[in-house]
Amino acid sequence: MKTASRQITGTDVKRYMQDVGQRARVAARAISRAETAAKDAALIAMADEIGRQTETLIAANRKDLDTGKAQGLDAALLDRLELNAARIQAMAEGLRQIATLADPVGEITDLNYRPSGIQVGRMRVPLGVIGIIYESRPNVTADAAGLCLKSGNAAILRGGSEAIHSNRAIAACIQAGLKQAGLPEDSVQVIETTDRAAVGELIRMKEFVDVIVPRGGKSLIERISAEATIPVIKHLHGVCHVYIDDKADMDKAVKVAFNAKTQRYGTCNTMETLLVARAVAGRILPALAGMYREEGVELRGCEATRQIVPGVKTATEEDWHTEYLAPVLSIRVVENVDEAIDHIARYGSAHTDAIVTEDITRARRFLREVDSSSVMVNASTRFADGFEYGLGAEIGISTDKLHARGPVGLEGLTSVKFIVLGDGHIRK
């Protein structure tokens, strides 16, 4: 779509979005039957083009960063917005990894003979047209395009206005890859207008769009969930926990808890609350607090934490519910694994939670009883990511329980239909 964003206003937005939807529906039929080799060729071509255009992408991103700083975007948003050479290389690598993954489309499973003589099984099929609405992170443009393409879906991508230059530059690389592979360029369309009315149109185009995936802040996802007339794959926020058990290896505990908070602040899988067993709190919290403070992390704690580590601010009830997306950490001393699990059940967001322990029984209890989309033992919550899980990339993380849960990769962007094989069989 070549229309400039400033030309699409008012009633033009509805016509524009209808045109995008119609094009996507036509492209979805074509891409659903595309051969794996063609899809993989497009993914490799996209990755190569992104690599070639690194400087162009950085220059486009710099415009967005400059505008964001002038508009007063906070540090967490600017971090999510930024593209550098390493992040651009990661985008390209994500596309190449998707190309190496097995194509789920057309896979037949559970094929069995029934007493009547027919064979009944299931075939994996694309969802159709997927609308992705996201903020800040321009890498989502490449990730979403690649995953939708490999899973046989057409994609309509609507990024935030703060990343418009970056998204357009990435979209040009995607279009070049599709064209080189001989696939419909309308298979991936990036919405040109920054008018918010476009979002309202996209989430109600039932005749053209099969599912919506919002990625961004809690307010965006709450709005999409409330207003969409199309199924939504979502998570509202990531209040992630690490629990250090009294049977933990202290060296492992320090490494995991420090990484889970400080490796990157503005991501949904960053730890926001640290839970520590009372029996080891006096040993581990002073060391960890010193490390956090060296990184500039503000600490807020319960009364027991404040007695062990002087200078820690008092944590409020609201803190236990908060996804900071910033160098702020809540700390609570708990009696044992039971109290840790209870805390997570009350305050968690069903995203990602981890335990550090050498006690296999407690580890298994934690895995079984913590009702989150990712539950970990002796590993940083920062691993809750499609790339790290071997999905190539992710279109988002779902904390829903129906259809898809956790990082949503290729399988999460497909469904199944029943197939029946017979040889003139009739029902008696």
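Which residues lie nearest the centre of the second largest pocket? In this predicted model, local features need pLDDT of at least 70 and side-chain atom pairs count only at pLDDT 80 or more, while totals for chains, interfaces and linings use all residues. Residues are numbered from 1 along each chain as its sequence is written, and side-chain values use heavy atoms, with hydrogens and water left out.

Glu135, Gly160, Ser161, Glu162 and Arg196 lie nearest the centre of this pocket, which is lined by 23 residues. A pocket is an open set of points on a 1 Å grid over the protein atoms alone, with protein on both sides within 12 Å along at least five of seven lines; a cavity is a set where a 1.4 Å probe fits but cannot get out, and lining residues have an atom within 4 Å of a point. The volume of the second largest pocket is about 530 Å³, a volume being the space filled by probe spheres set on the points, which are joined across faces, edges and corners. At least two lining residues come from each of α3 (54-70), β3, α7 (164-181) and α9 (218-227), and α3 gives the most, with 4 residues. Helices (H or I, at least four residues) and strands (E, at least two) are DSSP runs numbered from the N terminus.

Strand β3 also belongs to an open sheet of 4 strands in the order β5-β4-β3-β6, with parallel pairing; two strands pair if DSSP finds at least two bridges between them. The edge strands, β5 (188-190) and β6 (211-215), each pair on one side only. Strands β3 (residues 129-134) and β4 (residues 154-158) are joined over 5 bridges, and Ile130 has Ala155 of β4 as its bridge partner.

Helix α6 (residues 139-150) lies across β3, β4, β5 and β6, at about 165° to β3. Angles run from 0 to 180 degrees between N-to-C directions, and axes are lines fitted to C-alpha atoms, for helices over the stretch in contact; contact means heavy atoms within 4.5 Å. The axes of α5 (residues 85-100) and α6 come within 9 Å and cross at roughly 10°.

Two cavities of 30 Å³ or more are found in the whole structure. The largest holds about 50 Å³ of space, and β6 gives the most to its lining, with 3 residues. The second largest cavity holds about 40 Å³, and its lining includes Gly160, Ser161 and Val190.
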